[in-house]
Amino acid sequence: MALLVTIIAVALLFDYTNGFHDTANAIATSVSTRALSPRVAVVMAAGLNLLGALVSTSVAKTVGEGLVNTDLVTLPLVLAALVGAVVWNFTTWWFAIPSSSSHALFGGLIGAMIAAAGVSGVIWSGVVDKVIIPMIGSPILGFFVAFLLMTGLLWLVRHWSPAHVNRGFRILQPFSAAFMAFSHGANDAQKTMGIIALALYSSGEISDFYIPFWVKVACALAMAAGTYSGGWRIIHTLGTRVIKLDPIHGFAAETGAASVIQIATHFGFPVSTTHTITAAIMGVGSTRRLSAVRWGVAGNIVTAWILTLPAAGLIAALAYLLFAWIF
């Protein structure tokens, strides 16, 4: 029981780090364009993350049942997976790199399972279908949806003065930021719900795999608290260093990314909100000219994306070997 309580506490810590690590996903563009003040943006994002986290469990079930053999899951394995994800989250936060908390968790779970039971314990078809394909597909969709939306918006406002465009979309952008915050909560908080449910199932606390209501509430509150604490390092990277944004660009990026995330959530795909919004920002920037995007910064972000799964997996595998010896 003590180990299970520890796992739940570490899972909620991960959700908290997910909140402050991924705050930038929802509000970086709104803050950088001055559509919202930083504090108002964070409060709004926290509230809508909370609301979004309570609306569905389809992604949670994918994470809990679709990636590893649940019959082989032990409590030390779940704890190791969470340690791998949390350590990687703190590392990338320290260096202000907007990596994926989702893929850190997936990498941790896969790495811990390989250390515990070998590669046969991983459901590789589920990893390909639910992690790899969405990992590649969601940024591509985010880029092109935002690019097309931005192109359409530029055509609609082609006769407006720059002052009118900025004023109008500064009013609209809080709505797109709210849509993005809600979508982030709906997809990301569910991943931790799935991990806690997996721990409850493996310990025998629940006989069938499902998401108890108290788990939903606890994860939603933890993510909202993390979001409220802010993630200013990553907000600066995502909001200003990839490309200089105007309100119309922020509106298009947030709306495009949130739409892709909502579709993924509906079908139970645990996508990376970080990957999706970053690609959307690149997409709207490319409507100016390709050189408007700071591809060097973008390249560093993509490198972190590639490293996240194996790095978190390695940390989790080492943690599992330590926990197996201790417990």
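**Helix packing and nonpolar cores in a predicted model**

In this predicted model, His103, Phe106, Ile110 and Ile114 of helix α6 meet Trp124, Val127, Val131 and Met135 of α7, where contact means heavy atoms within 4.5 Å. Helices are DSSP runs (H or I, at least four residues) numbered from the N terminus. By class, this contact of α6 with α7 holds seven nonpolar residues, one polar residue and no charged residues; Ala, Val, Leu, Ile, Met, Phe, Trp, Tyr, Cys and Pro count as nonpolar, Asp, Glu, Lys and Arg as charged, and the others, Gly among them, as polar.

Local features need pLDDT of at least 70 and side-chain atom pairs count only at pLDDT 80 or more, whereas totals for chains, interfaces and linings use all residues. Residues are numbered from 1 along each chain as its sequence is written, and side-chain values use heavy atoms, with hydrogens and water left out.

Two packed helices are described by the angle between their axes and the distance between the axes. The axes of α6 and α7 lie 12 Å apart, and the packing angle is about 155 degrees. Axes are lines fitted to C-alpha atoms, for helices over the stretch in contact, with angles from 0 to 180 degrees between N-to-C directions. The pair is therefore roughly antiparallel, a term for angles over 145 degrees.

A second pair is formed by α3 (residues 38-53) and α9, which pack at about 165 degrees with axes 8 Å apart. Helix α3 is thus roughly antiparallel to α9. Residues of α3 including Arg39, Val42 and Leu50 meet residues of α9, among them Ala220, Met223 and Tyr228. This contact divides into eleven nonpolar, two polar and one charged residue.

The largest nonpolar core has 57 residues, of which Ile7, Leu82, Leu109 and Met193 touch the most other members. Such a core is a set of buried Ala, Val, Leu, Ile, Met, Phe, Trp, Tyr and Cys residues joined through side-chain atoms within 4.5 Å, and buried means under 20% relative accessible area with a 1.4 Å probe, protein chains only. Helices that each supply at least two residues of this core include α1 (2-21), α8 (162-202) and α13 (295-326). The largest share, ten residues, comes from α5. A second, separate core of 21 residues includes Met150, Leu153, Ile261 and Val284.

Thr62 is placed in helix α4 and is buried, with a relative accessible area of 10%. Leaving aside neighbours within four places in sequence, Thr62 is in contact with Leu67, Lys130, Gly268 and Pro270.

Notes
Buried < 20%, exposed > 50% of the residue type's maximum accessible area, 1.4 Å probe, protein only. Parallel < 35°, antiparallel > 145°, perpendicular 65-115°, else oblique.
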